[in-house]
Amino acid sequence: MAVLREFKCKQCGYAVVASTTPYVVLLSGVDAQCYCEKCDKIVKVTAGENYQIDVTRLNLSCETCGTPVKVWTPDMGCPKCGGGMKIVESIIHF
Ligand SMILES: [Zn+2]
Ligand SMILES: [Zn+2]
C-alpha cells in the first residue's frame with residue numbers, strides 16, 4: 001500500500017498524482033518515482049525487490065519510451081516550470 005497525493009503547481013497548474021517519497025514500496029518490490037520529459041508525466045520505474053535500495057543512485061530510464069529519467073519528488077518543484085507544488089488531495093493507493 002502506498003499513500004499518493006495529488007499535487008498541483010501553484011504557477012502553471014500542472015497536476016500530478018505522486019508519492020512524497022522518491023520511491024513507492026509495493027508488494028512486488030520498489031518502484032522509483034521519476035518524471036519523464038518525453039512522456040510528460042510522472043512514471044514509475046521498477047527498481048527491484050530490495051527494499052533497502054537507494055533509488056536516487058540508480059540509472060533509471062522510462063519503461064515506456066526508454067528516455068533516461070531522474071527521480072522526482074514534489075518538493076523538487078514543478079517538472080514543467082520549477083514552481084512550488086501544493087497538495088490538492090490525498091489518495092490511498094492499494
Ligand atoms: Zn508549473
Ligand atoms: Zn517516457
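This is a predicted model: local features need pLDDT of at least 70, side-chain atom pairs count only at pLDDT 80 or more; totals for chains, interfaces and linings use all residues.
As background, most residues other than glycine have a negative phi. Asp-40 also counts as exposed, because it has 11 C-beta neighbours inside 10 Å, and the limit for that class is 12 or fewer.

## Other partners of strand 4

With strand 3 it pairs in the antiparallel sense over four bridges, and a hairpin joins strand 3 to strand 4 through two residues. Here the bridge partner of Leu-26 is Gly-29 in strand 4.

Strand 7 also runs antiparallel to strand 4, and two bridges join them. Tyr-35 takes part here too, with Lys-70 as its bridge partner in strand 7.

## Cys-36, at the end of the strand

Now for a closer look at one residue of strand 4, Cys-36. Is Cys-36 buried or exposed? Cys-36 counts as buried, because it has 23 C-beta neighbours inside 10 Å, where 20 or more are needed.

Leaving aside neighbours within four places in sequence, the contacts of Cys-36 are Lys-41, Val-43, Cys-62, Cys-65, Thr-67 and Val-69. Cys-36 and Val-71 are 35 residues apart along the chain, and their C-alpha atoms are separated by 9.4 Å.

In soluble globular proteins, nonpolar side chains tend to be buried together. The largest nonpolar core in this model has 13 residues, of which Ala-32, Cys-34, Val-45 and Val-69 touch the most other members. Two or more residues come from each of strand 3 (23–26), strand 4, strand 5 and strand 7 (68–71). Strand 4 gives the most to this core, with four residues.

A second, separate core has six residues, including Phe-7, Cys-9, Ala-18 and Met-85. Back in the largest core, Val-69 is worth a visit. Not counting residues up to four places away in sequence, Val-69 touches Cys-34, Tyr-35, Cys-36, Val-43, Val-45, Leu-60, Ser-61 and Cys-62.

## The chain as a whole

Stepping back, the secondary structure comes to zero helices and eight strands, and from the N terminus on the elements run β-β-β-β-β-β-β-β. Of the 94 residues, 26% count as buried. Among contacts between residues at least 6 apart in sequence, 54% join residues at least 24 apart.

How does the chain's radius of gyration fit with that of a compact globule, and what are the two values? With 94 residues, a compact globule would have a radius of gyration near 12 Å, and the 13 Å of the chain agrees with this. Along its principal axes, the C-alpha trace spans about 35 × 30 × 20 Å.

Methods
Residues are numbered from 1 along each chain as its sequence is written. Chains are lettered from A and ligands numbered from 1 in the order in which they are written. A nonpolar core is a set of buried Ala, Val, Leu, Ile, Met, Phe, Trp, Tyr and Cys residues joined through C-beta atoms within 7 Å. Two residues are in contact if their C-beta atoms, placed from the backbone, lie within 7 Å. The radius of gyration is taken over C-alpha atoms; the globule rule is 2.2 Å times the number of residues to the power 0.38. Two strands pair if DSSP finds at least two bridges between them.
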